[in-house]
Amino acid sequence: MPKEFKRDKLIQVPGTALLPERDFNRSPILECRHLGIDFGGLRALDDLDITIGRTEIAGLIGPNGAGKTTVFNLLTKVYAPTRGSILLDGMDIAGKSTAQVNQMGIARTFQNIRLFHNQSVIDNVLIGLHNEMSYGMFASVLRLPSYWRAERIAKERAMELLSIFGLEVHADELAGSLPYGAQRRLEIVRALATNPSLLLLDEPAAGMNPSETVELMENIVKIRDTFQIAILLIEHDMNLVMGICEGIAVLNFGKVIAKGSPEDIRTNPAVIEAYLGRKGAAQA
């Protein structure tokens with residue numbers, strides 16, 4: 001059985017937002033206001049309002065096709081919203097590129113692992129650290145002392161991040177040679193290397209066995225506690241979601257049908273119907 005993880009109770013802040021008690025007196029890291037997007041005549045997401053505390057582990061759940069990954073694509077500016085706004089640490093990200101949003105503090109992983117499989121494990125992390133490299137092109141071309149100093153610091157930082165997931169022993173191996181679960185962990189490490197304030201995890205437990213999932217839960221909590229960042233995850237494994245998430249939003253057909261604590265969500269009739277259907281027919 002997975003161990004119990006300590007979670008703060010949710011407190012309502014002015015308006016309708018709920019934040020963990022420890023984040024109550026601090027401005028939220030993310031606010032989505034009336035967010036929506038249309039693809040042609042299809043309204044894929046409509047009137048999404050979510051607020052995430054600065055150190056909250058939050059969940060976004062719903063049946064397949066509900067619009068969950070669309071939300072991540074909006075937050076990372078893969079898509080531009082048709083309406084509504086996204087505030088990251090109080091700043092509107094309208095007009096920003098994917099790279100600019102990453103520099104502002106949002107990092108993500110993907111449903112399908114996206115690593116540089118033919119490069120080493122440590123090189124994959126070093127790519128994520130590029131925002132922190134302090135030398136210029138001149139120093140790089142001439143291999144000046146500032147270049148070597150920055151490279152040394154970056155490698156030390158990469159090894160430190162790899163050690164969080166026990167991957168430091170694989171630093172010189174090709175990323176594509178790692179087992180599936182280790183590749184999942186490496187993708188999270190690379191995202192952390194960009195120094196985010198909000199980490200988006202898209203089905204991080206996909207393909208993992210139960211023991212790997214329990215270890216992942218422990219690592220997600222460890223990441224939050226170590227880096228003091230917020231984490232928003234999409235996940236179908238309800239044991240994971242209910243085990244570590246503090247606030248949960250449920251999407252169905254592009255609309256939020258419920259928000260609240262795991263206890264609130266677990267017993268919500270609209271959520272039960274969305275997952276099981278009126279006749280109890282299970283959906284993916």
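Buried here means under 20% relative accessible area, with exposed being over 50% and partly exposed in between (1.4 Å probe, protein chains only). The model is a predicted one, so to speak plainly about its limits: local features need pLDDT of at least 70, side-chain atom pairs count only at pLDDT 80 or more, and totals for chains, interfaces and linings use all residues. Residues are numbered from 1 along each chain as its sequence is written, and side-chain values use heavy atoms, leaving out hydrogens and water.

Helix 3 (residues 121-128) is mostly covered, with six of its eight residues buried: V121, I122, N124, V125, L126 and G128. Helices (H or I, at least four residues) and strands (E, at least two) are DSSP runs, numbered from the N terminus.

Helix 3 also turns up in the lining of the largest pocket, where helix 2 (98-104), strand 8 (106-108) and helix 6 (180-192) likewise supply at least two residues each. Helix 2 gives the largest share, five residues. Of the 21 lining residues, T98, N102, R108, F110 and T194 lie nearest the centre. A pocket is an open set of points on a 1 Å grid over the protein atoms alone, where a 1.4 Å probe fits, with protein on both sides within 12 Å along at least five of seven lines; lining residues have an atom within 4 Å of a point.

The second largest pocket is lined by 24 residues, with A17, D49, I50, T51 and K259 nearest its centre. Strand 4 provides the largest share of this lining, four residues.
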